[in-house]
Amino acid sequence: MVKKSNYCVIDTETTGLDSEPLAEVIEVAFQILSCNDLSVIAKFESLIKPKNIDLNGPIPKWALGAFRVNNISIEELKLAPSAEEVCEKIIGILKAAKKPIVVAQNSAFDMEMLNRLFDACGYKFNKYIWRPVIDLYAISHLLWVYDAGMPNLKLGTIAEKMDIKVENSHRAMDDVIVTANIFKKFMLFFKDKGNEISDVKIVGNVKPSVSEYLCPKCNGGLRARMAKNGKYAGQSFFGCSNFPHCKFLCSPVQVIQYKGK
Ligand SMILES: [Zn+2]
């Protein structure tokens with residue numbers, strides 16, 4: 001039986017990429033969406049005082065790039081609550097939300113940074129959420145991997161494709177609102193095509209790969225392809241790797257039900 005969970009649409013602003021070991025979360029924002037109707041039942045946003053940057057000294061070289069894009073000032077961070085205080089507040093909300101499913105764009109990054117934030121304070125983020133997480137990048141990849149009209153799968157590009165308004169401020173709550181709106185549209189989209197909300201969960205937080213989906217006719221791998229002619233020209237579909245012996249094909253939305261073990 002599939003657990004009925006609330007959703008936690010989350011975004012972080014950080015002092016660097018996850019490849020930088022000193023990088024940490026300096027802003028977190030999230031909305032808890034109800035599992036029943038996807039309405040917002042709680043929200044939270046806060047700056048976080050960094051542990052790895054001396055706020056009275058110059059910004060270290062490794063963090064300069066991040067500060068250029070995130071619109072967060074050192075003066076604001078001096079007034080921010082400690083990581084411990086923020087973690088405790090987040091835990092309270094996640095507990096009340098009964099282990100929600102995390103929804104994020106590029107969830108691997110946010111999960112790594114949230115794990116760091118919680119670990120640094122002696123907590124475990126994973127204890128308070130339901131796994132696996134839902135990654136909008138993975139879903140977008142599935143839908144538009146060969147879509148010539150999609151230059152990339154960034155949040156703004158996906159939002160534009162789905163007619164969703166974007167406030168271009170690079171602060172965490174603005175991105176959460178866009179992410180939540182994309183998520184809600186994805187849910188309706190999948191439901192329209194006969195997939196339940198719970199089916200989307202199996203997309204998980206990895207880019208769909210060739211071996212992940214199996215042909216229901218011959219058990220061969222299903223591969224993402226692009227239609228070259230006909231009325232679907234330019235659109236992605238999945239076809240059996242045993243073509244021409246097996247001519248099975250399906251849409252990116254349908255392929256989700258053919259995920260292998
Ligand atoms: Zn086949």
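Ala159 is a residue of helix α6, which spans residues 155-161, in a structure that is a predicted model. With 19 other C-beta atoms within 10 Å, Ala159 is classed as partly exposed, because burial requires 20 or more such atoms. When its neighbours within four places in sequence are left aside, the contacts of Ala159 are Ile164, Val166, Val178 and Ile182. A further relation was computed between Ala159 and Ser34: the two residues are separated by 125 residues in sequence, and their C-alpha atoms lie 22 Å apart in space.

At the level of the whole chain, the secondary structure consists of nine helices and eight strands. The radius of gyration is 20 Å, close to the value of 18 Å that the globule rule gives for 261 residues, and the chain is therefore as compact as a globular protein of that length. Along the principal axes, the C-alpha atoms occupy a box of roughly 65 × 40 × 30 Å. Buried residues account for 32% of the 261 residues in the chain. Of the contacts formed between residues at least 6 apart in sequence, 66% connect residues that are at least 24 apart.

The chain is divided into two domains, with domain 1 covering residues 7-199 and domain 2 covering residues 210-258. Taken over C-alpha atoms, the centres of domain 1 and domain 2 are 32 Å apart.

The mean pLDDT of the chain is 86, and 90% of its residues reach 70 or more. Among the elements of the chain, the highest mean pLDDT, 98, belongs to helix α3 (residues 83-96), whereas the lowest, 53, belongs to helix α8 (residues 197-200). In residues 201-207 the pLDDT is below 50.

Technical notes: Residues are numbered from 1 along each chain as its sequence is written. This is a predicted model: local features need pLDDT of at least 70, side-chain atom pairs count only at pLDDT 80 or more; totals for chains, interfaces and linings use all residues. Domain bounds come from an automatic or database domain assignment. Helices (H or I, at least four residues) and strands (E, at least two) are DSSP runs, numbered from the N terminus. The radius of gyration is taken over C-alpha atoms; the globule rule is 2.2 Å times the number of residues to the power 0.38. A residue is buried if 20 or more other C-beta atoms lie within 10 Å of its own, exposed if 12 or fewer, and partly exposed in between; C-beta atoms are placed from the backbone. Two residues are in contact if their C-beta atoms, placed from the backbone, lie within 7 Å. pLDDT is the predictor's confidence in each residue, from 0 to 100.
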